[in-house]
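Biologist: Could you put the model up so that we can go through it together? I have a list of things I'd like to ask.

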Amino acid sequence: MPDPRPKSDPNPFTHNVRVVLVGTQEPMNVGAVARAMRNFGMSELWLVAPEPRVVADLEARPNSDAYRLAVHADPILDNLRRADTVLEAVGDCQLVLATTARSRDIHVGRLAEPRGAAQAVAQVAQQGKVALLFGREMYGLTNEEMDQAGLIVRIPTAPEQPSLNLAQAVLLLAYEIFVAITDPPAPKPERLAEREALEHLFEDLESYILQIGFTDAKRFAYARRRLRRILHKAELSPGEVQMLRGLLHQSRWYAKNGPR
């Protein structure tokens with residue numbers, strides 16, 4: 001496969017930034033997103049559960065709307081990857097950022113505006129992968145998909161037209177990240193845990209709080225989202241995730257067997 005990266009690369013960390021489109025419905029938007037990515041040095045595109053007509057269009061090259069709209073970004077489409085779930089697409093990422101046009105009462109991830117989010121991306125991208133999640137053209141990301149993200153970005157817009165076209169949203173964030181990475185902040189002293197490792201911790205903790213009666217089935221969803229929010233704020237390292245999982249496993253063992 002051809003290398004999607006430009007030969008001259010002033011911002012090498014942009015290639016640690018992955019664009020993930022969830023449930024994409026329109027082939028032309030995929031092409032326009034690829035073009036926006038190419039404008040700002042990004043090369044890794046994932047599609048999560050795209051609509052069948054998007055898949056069919058990408059396979060119809062040279063008669064493809066996506067390729068026609070890509071304009072010199074063909075290598076990004078040639079190398080794009082597909083996944084069935086969001087976790088599959090972001091599991092190896094240290095930071096997951098989700099975009100939304102809607103307000104929610106409880107966000108699992110912390111809120112940020114585009115410029116502040118770009119600084120966070122620039123900090124993490126020096127050490128590992130970052131994923132930018134964008135939802136469906138009609139209704140965006142579900143709550144469950146948003147829960148995969150430690151950072152939530154809502155792009156300010158005029159109230160008369162609050163939603164952006166998918167490619168416009170990618171372009172805006174890609175620009176802010178490109179500028180931030182030109183003069184990036186110092187990297188974090190420790191690498192952050194990857195998203196898949198965090199998910200294992202979340203699953204352990206969620207079964208644990210049911211087991212000990214901290215919550216019940218009726219209140220579980222609320223408790224689950226609050227605890228995920230706390231742990232996202234903590235920005236845990238891989239070692240800290242392992243320590244917390246060990247604590248949960250030992251607590252279960254002790255409750256069952258008593259002192260050693």
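Predicted model: local features only at pLDDT ≥ 70, side-chain atom pairs only at ≥ 80, totals over all residues.

Biologist: Fine. Which strands pair with β2?

Modeller: Strand β1, residues 17-22, pairs with β2 in the parallel sense over 5 bridges, and strand β3, residues 81-83, runs parallel to β2 and is joined to it by 3 bridges. Two strands count as paired if DSSP finds at least two bridges between them.

Biologist: What do β1, α1 and β2 make?

Modeller: Together they make a right-handed β-α-β unit, with helix α1 covering residues 27-39. Right-handed means that, with the strands pointing away from the viewer, the path from the first strand over the helix to the second runs clockwise.

Biologist: And what does α1 look like, end to end?

Modeller: α1 has 13 residues and reaches 19 Å from its first C-alpha to its last, close to the 18 Å expected, where the expected span is 1.5 Å times one less than the number of residues. At its start, a side-chain oxygen of Glu26 reaches to within 3.1 Å of the backbone nitrogen of Met28, and the helix is followed by Gly41, whose phi is positive, near 80 degrees.

Biologist: Which residues of α1 are buried, and what covers them?

Modeller: The buried ones are Pro27, Asn29, Val30, Gly31, Val33, Ala34, Ala36 and Met37. Their cover includes β1, β2, α2, α3, α4 and α8, with contact meaning heavy atoms within 4.5 Å.

Biologist: Switching to the core: which residues touch the most other members?

Modeller: In the largest nonpolar core, which has 47 residues, these are Leu21, Leu45, Leu77 and Leu132. The largest share of this core, 9 residues, comes from α8. Apart from it lies another core, of 17 residues, among them Val20, Val22, Val96 and Met146. A nonpolar core is a set of buried Ala, Val, Leu, Ile, Met, Phe, Trp, Tyr and Cys residues joined through side-chain atoms within 4.5 Å.

Biologist: What does Leu21 touch?

Modeller: Not counting residues up to four places away in sequence, Leu21 touches Val30, Val33, Leu45, Trp46, Leu47, Val48, Phe134, Leu166 and Val170.

Biologist: Now the loops. Where is there a cis peptide bond?

Modeller: A cis peptide bond joins Arg61 and Pro62, with omega at about 15 degrees, and Pro62 is in the loop between α2 and α3.

Biologist: What about the loop between α3 and α4?

Modeller: Val71 is found in that loop and has a positive phi of about 50 degrees although it is not a glycine. His72 lies in the loop between α3 and α4 too, and its phi is positive, about 70 degrees, although it is not a glycine either. Val71 counts as partly exposed because its relative accessibility is 34%, whereas His72, at 67%, counts as exposed.

Biologist: Last one: why does Arg195 count as buried?

Modeller: Arg195 counts as buried because its relative accessibility is 2%. Arg195 is found in helix α9, and, leaving out residues up to four places away in sequence, its contacts include Asp147, Gln148, Phe202, Arg228 and His232. Arg228 and His232 are themselves among the buried residues of α10.

Note on methods: Residues numbered from 1 in each chain as written. Heavy atoms only, no water. Helix = DSSP H or I, 4+ residues; strand = E, 2+ residues; numbered from the N terminus. Buried < 20%, exposed > 50% of the residue type's maximum accessible area, 1.4 Å probe, protein only. Polar contact = N/O pair within 3.5 Å; in protein donor to acceptor, adjacent residues only side chain to side chain.
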